[in-house]
Amino acid sequence: MAYIVAEPCIGVKDHACVDVCPVECFYEGEDILLIHPEECIDCGACEPECPVSAIFEAGQVPEQWKEYIAKNADPFTAGHNLPVSVQKGQWEAQMEVEGSVANLYHKKYPKKE
Ligand code: SF4
Ligand code: SF4
C-alpha cells in the first residue's frame, strides 16, 4: 500500500516531502501534492518531514480523510499527465515569480499561518 497526502497539505504545499523521496513520486495536484500509488516504495521517509502531518500510509489514514486515498490514486489511474513536483528550494524560488505555478497556487490557496 502506498503513502498518501491528505487535507492538511491544502494551503501549505511546501514541498518538504519532495526533498526526501528517493523515487520522485510526488506530483502536482490542484490543491495538494499527490503520491503516485505505483511508484511509491513505502519507505516512509516523507511522513516525518511534513510540517502539518498530511502524509499517511494508506492503511493508517484517519477516517475523515479516507477519500484522499482515491484522490491520490485516481488521476494516475485515469492516465493524467501531472507535473512531477519540484524540490522545496525551487518551489520557494518560484513563489517570488509573478504568474508562476507556485505563485498562483498561493493566490488561490492562501498560506496557512
Ligand atoms: S510536506 Fe506535507 S504540506 Fe508540505 S507539500 Fe508535502 S504533504 Fe504537503
Ligand atoms: S513513502 Fe517513500 S517513496 Fe513513498 S512518497 Fe514517501 S518518500 Fe516517496
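Trainee: Let's start with Cys40. Is Cys40 buried or exposed?
Mentor: Cys40 counts as buried, because it has 21 C-beta neighbours inside 10 Å. Keep in mind that we are looking at a predicted model.

Trainee: Good to know. Where does Cys40 lie?
Mentor: Cys40 is in the loop between strand 3 and strand 4.

Trainee: And what is Cys40 in contact with, leaving aside its neighbours within four places in sequence?
Mentor: Ala2, Tyr3, Cys25 and Ile35.

Trainee: I see ligands in the model. Which residues are closest to ligand 2?
Mentor: Cys40 turns up again there. The closest are Cys21, Cys40, Cys43, Ala45 and Cys46, out of 13 residues that surround ligand 2. By class, that shell has 11 nonpolar residues, one polar and one charged.

Trainee: What about ligand 1, how many residues surround it?
Mentor: Ligand 1 has 14 residues around it, and Cys9, Val12, Ala16, Cys17 and Cys50 are the closest. Its shell holds 10 nonpolar, one polar and three charged residues.

Trainee: Let's zoom out. How many helices and strands are there in the protein?
Mentor: Four of each. Read from the N terminus, the order is β-α-β-β-β-α-α-α.

Trainee: And the overall size? What radius of gyration does the protein have?
Mentor: The protein has 13 Å, which agrees with a compact globule, because a globule of 113 residues would come out near 13 Å. Along the principal axes, the C-alpha atoms fill a box of roughly 40 × 30 × 25 Å.

Trainee: What share of the residues is buried?
Mentor: 24% of the 113 residues. As for contacts, take those between residues at least 6 apart in sequence: 74% of them join residues at least 24 apart.

Trainee: On to the core. Which residues touch the most other members of the largest nonpolar core?
Mentor: Val5, Cys17, Phe26, Leu33, Ile35 and Ile55, in a core of 21 residues. At least two core residues come from each of strand 1 (3–5), helix 1 (16–20), strand 2 (26–28) and strand 3 (33–35). In soluble globular proteins, nonpolar side chains tend to be buried together.

Trainee: Pick one of those for me. What does Ile55 contact, apart from residues within four places in sequence?
Mentor: Tyr3, Val5, Cys17, Cys46, Glu47 and Cys50. Val5 and Cys17 are on the list of core residues that touch the most other members, as is Ile55.

Trainee: And Leu33, why is it called buried?
Mentor: Leu33 is buried because 23 other C-beta atoms lie within 10 Å, and the cut-off is 20 or more. Leu33 sits in strand 3, and beyond four places in sequence its contacts are Val5, Cys9, Lys13, Cys17, Phe26, Tyr27, Glu28 and Ser85.

Trainee: What is phi at Ser53?
Mentor: Also positive, about 50°, and Ser53 is not a glycine either. Ser53 is in the loop between strand 3 and strand 4 (55–57).

Trainee: Are those two buried or exposed?
Mentor: His15 is buried, with 21 other C-beta atoms within 10 Å. Ser53 counts as exposed, because it has 12 C-beta neighbours inside that distance.

Trainee: Last one. Where is Asp19 found?
Mentor: In helix 1. Asp19 counts as partly exposed, with 17 C-beta neighbours inside 10 Å.

Trainee: Which residues does Asp19 touch, not counting those up to four places away in sequence?
Mentor: Gln87 and Lys88. Asp19 and Gln87 are 68 residues apart in sequence, yet 5.3 Å apart in space, C-alpha to C-alpha.

Notes
Residues numbered from 1 in each chain as written. Chains lettered and ligands numbered in written order. Predicted model: local features only at pLDDT ≥ 70, side-chain atom pairs only at ≥ 80, totals over all residues. Core = buried A, V, L, I, M, F, W, Y, C linked by C-beta atoms within 7 Å. Contact = placed C-beta atoms within 7 Å. Near = placed C-beta within 6 Å. Nonpolar A, V, L, I, M, F, W, Y, C, P; charged D, E, K, R; others polar. Rg over C-alpha atoms; globule rule 2.2 N^0.38 Å.
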